[in-house]
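The points below can be read beside the display.

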Amino acid sequence: MTTTTALRRSNTQAVLDVLLAGGRHDGVALMATTGLSRPTVHGVCDDLIARRLVVELSPAGGAGPGRPPRVYAARADAAHVVGVDMGEATVRVAVADLRGEVVGEASAVFPDPRVAAHRRIVLVRDTLARALAAAGVAASNVHAAAFGVPAPVTADGHAVAVDAYLPGLAAVDLHTALHPLLVAPVIVENDAALAVLGERWRGAATGRDDAVLLLAGERLGAGICVGGRLVRGSSGGAGELGFLHLVSGVGDPDGIGRLLRRATGVAATEAFAAARRGDPTAVAALEAVSRRVGRVLAILATLLDPQVLVVGGAVAEAGPVLMQPLRRAYTAALQERPLRATPLLAASPLAERGTLLGAVRVALDDLVPRLLDLHRLPHAGDATISLSGRAEVGT
């Protein structure tokens, strides 16, 4: 790639990124945001219009004296991505546009949490087909996907699944699991890792470079971001909490939902409701579970020193009935070994959708740098094509 071609591509990508962030922008706004000159901005926008990635809008406020400013917006429907959250018991699939807005979604429950891997994948594909139908999006317009699984994932995207709860999944190539319906590139990632990315994008960790997300429903697992970068470990095992067998007062990585069900005999949602009514059995069970999970949160705070610890998964929807005793237990555990700065503890506003939205974000991050290759100019040559048909090289 020549220096001129590389610079042109860099300029085009910079303008596209601003437009994809949302809203309508005139030339002046794009110049201010990108630092590019007026001719370059308008030339790049003409290029993007020709690629069908951008549209030119009528200026707001109607006609006035002089030439009206040219106003641009991204075509969010020019391509789509898919996010998949395949848990032990359920699968959720979302189809999103280039701004990350979910335009279609579907979910399903596996007939048995220990269902064989091939049957699990069949249901995932069926759920994907329903999500595409709900979105009204053709599979051919999906150009990236991310697939979250409740297992460690190696650097090459291999799920190191445990047969005790995901039988046979380790032998499945999840990169091709959505074929033949979807042939777009698929990124495979751990569910908690995706959830912490979702929290940094649209949740409780927005604007925080150092964040830990504890998925706390059926099993405890952590997603870790340090310095804005996801921490995976050499074999994908960062955030796996099997070591809790060695921790006094904890004993295993069972999550809040499972622990409450074991202690009360009812689903976590019913236990939370009973605790709100003051039922002594439910209140006592919730206090005991909170003491246990509060110690886990204190360990994560001590080891990783994040700015924020986020409690995720469906249990996060319980609100104060969970977070109040959990915060007390977390604070008490930290008093045994006080920190210089205590990380904020927050419930995820995304709850059980954190992994799904994190998958959408990862798929977008994969697709957006490739859009200029997918949406090539419909004319031959290396020049920028203006709406008037004049060829311009630009800077």
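1. Cys-45 is buried, because its relative accessibility is 0%. Cys-225 is buried too, at 2%. Here buried means under 20% relative accessible area, exposed means over 50%, and partly exposed lies in between (1.4 Å probe, protein chains only). The whole structure holds zero disulfides; the test is a pair of cysteine sulfur atoms within 2.5 Å.

2. A word on the basis. This is a predicted model, where local features need pLDDT of at least 70 and side-chain atom pairs count only at pLDDT 80 or more, while totals for chains, interfaces and linings use all residues. Residues are numbered from 1 along each chain as its sequence is written, and side-chain values use heavy atoms, with hydrogens and water left out.

3. Look next at the largest pocket. Its volume is about 990 Å³. A pocket is an open set of points on a 1 Å grid over the protein atoms alone, where a 1.4 Å probe fits, with protein on both sides within 12 Å along at least five of seven lines; lining residues have an atom within 4 Å of a point. Grid points are joined across faces, edges and corners, and the volume is the space filled by probe spheres set on them.

4. The lining of the largest pocket has 44 residues. Nearest its centre lie Gly-217, Glu-218, Arg-219, Gly-313 and Ala-314. Elements giving two or more residues to the lining include β5 (90–96), β10 (221–226), α6 (256–264) and α10 (354–367). The largest share, four residues, comes from α7. Helices (H or I, at least four residues) and strands (E, at least two) are DSSP runs, numbered from the N terminus.

5. What is the make-up of the lining of the largest pocket, by nonpolar, polar and charged residues? It divides into 19 nonpolar, 12 polar and 13 charged. Nonpolar covers Ala, Val, Leu, Ile, Met, Phe, Trp, Tyr, Cys and Pro; charged covers Asp, Glu, Lys and Arg; the others, Gly among them, are polar.

6. Strand β5 also has a partner. It runs antiparallel to β6 (residues 102–109), joined by seven bridges. Strands pair if DSSP finds at least two bridges between them. Thr-90 stands opposite Val-109 in β6. Five residues separate the strands of this hairpin, and Gly-100 takes a positive phi near 85 degrees.

7. The whole structure has 21 salt bridges. Each is a side-chain nitrogen of Lys or Arg within 4 Å of a carboxyl oxygen of Asp or Glu. One of them joins Glu-352 to Arg-92, with the closest N and O atoms 2.8 Å apart. This pair links distant parts of the chain, 260 residues apart: Glu-352 is in the loop between β13 (344–347) and α10, and Arg-92 is in strand β5. Arg-92 is buried at 16%, whereas Glu-352 is partly exposed at 31%.

8. Glu-218 returns here. Arg-261 forms a salt bridge with Glu-218, the closest N and O atoms being 2.8 Å apart. Arg-261 sits in helix α6 and Glu-218 in the loop between β9 (211–215) and β10, so the pair ties together parts 43 residues apart in sequence. Arg-261 is partly exposed at 37%; Glu-218 is partly exposed at 31%.
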